[in-house]
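My notes follow in the order in which I looked things up.

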Amino acid sequence: MTLNPWMKAGVGLGFALLWSCPTLAAMTAEKNFGLDVKITGQSEDDRDLGTRSGGDVNGLGLDLRPWVYGERGNWSAFAMGQAVAATDIIETDTLRQSGDEAESDSGRANGREADKSYLAMREFWVGYSGLTAYPGEQLRFGRQRLRNDDGMWRDTNIEALNWTFDTTLLRANLGVAERFSEYRTDLTELAPEDKDRLHLYGDVATQWTPGHWVGLRAHHTHDDGNLKNPGETVDALDKTRTGDLTWLGLEANSDAYNWRNQNRVNYWGSMTWLTGDRDSLSSTTVNGEQVASGKHSGDVNAWATDLGIRLRLDPNWQVGAAYARGSGGGGSDGSGNYEQTGLESNRSNFTGTRSRVHRFGEAFRGELGNLQAATLFTSWQLRDDYDASLIYHKFWRVDGDQNIGSSGINAVVEDNGINRPLIQGEKDLGQEMDLVVTKYFKQGLLPAALSQSIDEPSALVRFRGGVFKPGDAYGKEADSYMHRAFVDVIWRF
């Protein structure tokens, strides 16, 4: 098993933290080490919609995550490892993007082929809380979980220097991040879109009246690196795009992502503007190989919005509706196509339960780019013991001549002799029905500083499933339905 230099550095720092934290742990009264055990069963048929061979997943995976945490004065440290063994390429990690776990498919370059079993370092960071006198303030350095409430800007594990300020009336984050490695024994190369990509971000929100927040968000990416020259062969690990992009956003909500709130009416709304420049590599197929043919450069001017409302019918039942749109179009260069930051998971508690659900379908898993989605849902929650969400989605392209961003669908259809992911001019992407049901067991107490890293209580059994019915944009060759379903069993020791 060969480890790249960043993986070695991460493992080394992780073990250093594991060695040092018991000393720190002895100075605190809370639990500071443990083991998360997750068993995941996955059934998926067929992410290619019958247009290619493969695309099915059926198997069982075991995911072990040992962790250790400690504090001494204003200093803290945390490390979490991971060991996965499975019968197939099982998705045990909801933070992974849709296509990541399928990267053992043919056509992927060496270094991005996911294995059934692997070792990894999820997090390893050092924190300092002495910059201000407020208890909700901390500066962290290292590989860490970055997350905002709606999951549509940041929700990932990445190397970062991040400052957080979290009080009753004011919340703020400021940081810089760049991915240097996956820190996995199987994925020894970064995805091309992550190579040489620097993220700068910040946000601030204030509670202007009890239970109601307004805020500003900003994110900038500097996507460096070199594109292949005309005539050079392009492989799966080569960058196909560079540039500088800046997102500016306004948001308002009624603490809607806090599943414990008892508001009669909950709402959320956001508006985001994207500006910058993109350089995109164009290529053509020559003797079965992709060969660079030139570069398209252009400015970007795009926008997106996400709106939602949720009504509480009684202490247990809620119903709601949501609408999201990411602009598309702008001619052949796609200058009007919105895209997300690349750090998002699109998972949140928008249905009002503690179970985090994918905003654009557990099966479809769309990215908000040249996409509009209408959503209806109902949810039920019984104390801290059970919750359930039933969600309906309808998806369209904004511009029928532009592709959408990434999704959980990998269909390639024939359009007048040309292989393309979507039929030219067709906007209807399809519809989906999701069901997420969870039974919770004993409630464990964890250090407050771990709330970003560990989402769940001590134990649960959860079903997550979605059935997607493709629309006209996928062509007549596509299957009538596809599904993706999981059963997760989690126990924390």
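Entry 1. A residue counts as buried if its relative accessible area is under 20%. I needed that cut-off for Asp488, which comes out at 3% and is therefore buried. I also noted that the model is a predicted one.

Entry 2. I stayed with Asp488 and looked up its place in the chain. Asp488 is found in strand 22, which covers residues 482-492. I then asked which residues Asp488 is in contact with, leaving aside its neighbours within four places in sequence. I found Lys38, Ile39, Thr40, Leu460, Val461, Arg462 and Arg464. Two of these came up again when I looked for polar contacts of the side chain. The side chain of Asp488 makes one with the side chain of Thr40, at 2.9 Å. It makes another with the side chain of Arg464, at 3.0 Å. I also looked up the spacing between Asp488 and Gly41. Their C-alpha atoms are 6.6 Å apart in space, while the two residues are 447 apart in sequence.

Entry 3. Next I wanted the overall counts. The protein has 493 residues, and 53% of them count as buried. I listed one helix and 22 strands. For contacts between residues at least 6 apart in sequence, I noted that 67% join residues at least 24 apart. The accessible surface comes to about 21200 Å², and carbon and sulfur atoms account for 57% of that.

Entry 4. How do strand 1 and strand 2 run, parallel or antiparallel? Strand 1 (residues 33-45) and strand 2 (residues 57-72) are antiparallel, and twelve bridges join them. In this pairing, Thr40 stands opposite Gly61 of strand 2. Strand 2 also pairs with strand 3 (residues 75-86), again in the antiparallel sense, over ten bridges. Here Leu64 has Ala83 in strand 3 as its bridge partner. Strands 2 and 3 form a hairpin with two residues between them. In the turn I found Gly73, with a positive phi of about 60 degrees.

Entry 5. Most residues other than glycine have a negative phi, and most peptide bonds are trans. What kind of peptide bond joins Asp45 and Asp46? The bond is cis, with omega about 5 degrees. Asp46 lies in the loop between strand 1 and strand 2. Leu49 lies in the loop between these two strands as well. Phi of Leu49 is positive, near 55 degrees, and Leu49 is not a glycine. I looked up its accessibility too: at 0%, Leu49 counts as buried.

Entry 6. Asn346 went on the list of positive phi values as well. Its phi is about 60 degrees, and it is not a glycine. Asn346 lies in the loop between strand 13 (317-326) and strand 14 (347-348). With a relative accessible area of 3%, Asn346 is buried.

Entry 7. I turned to the nonpolar cores. The largest has 28 residues. Which of these touch the most other members? They are Phe364, Phe395, Ile409, Leu429, Phe468 and Tyr474. I checked which elements give two or more residues to this core, and found strand 10 (241-253), strand 12 (289-312) and strand 16 (371-382). Strand 12 has the largest share, three residues. Beyond its neighbours within four places in sequence, Ile409 is in contact with Arg47, Leu49, Ala363, Phe364, Phe468, Tyr474 and Met482.

Entry 8. My last stop was Arg217, in strand 9 (residues 212-223). Is Arg217 buried or exposed? Arg217 is buried, because its relative accessible area is 7% and the cut-off is 20%. Its side chain makes a polar contact with the side chain of Asp150, at 3.1 Å. Not counting residues up to four places away in sequence, Arg217 touches Asn148, Asp150, Trp153, Gly202, Asp203, Trp247, Leu248, Gly249, Glu251 and Ser270.

Methods. Residues are numbered from 1 along each chain as its sequence is written. This is a predicted model: local features need pLDDT of at least 70, side-chain atom pairs count only at pLDDT 80 or more; totals for chains, interfaces and linings use all residues. Side-chain values use heavy atoms; hydrogens and water are left out. A nonpolar core is a set of buried Ala, Val, Leu, Ile, Met, Phe, Trp, Tyr and Cys residues joined through side-chain atoms within 4.5 Å. Buried means under 20% relative accessible area, exposed over 50%, partly exposed in between (1.4 Å probe, protein chains only). Helices (H or I, at least four residues) and strands (E, at least two) are DSSP runs, numbered from the N terminus. Contact means heavy atoms within 4.5 Å. Accessible areas come from the Shrake-Rupley method with a 1.4 Å probe; for residues, only the protein chains shown count as cover. A polar contact is a pair of N or O atoms within 3.5 Å; within protein, one must be able to donate a hydrogen and the other to accept it, and residues adjacent in sequence count only if both atoms are side-chain atoms. Two strands pair if DSSP finds at least two bridges between them.
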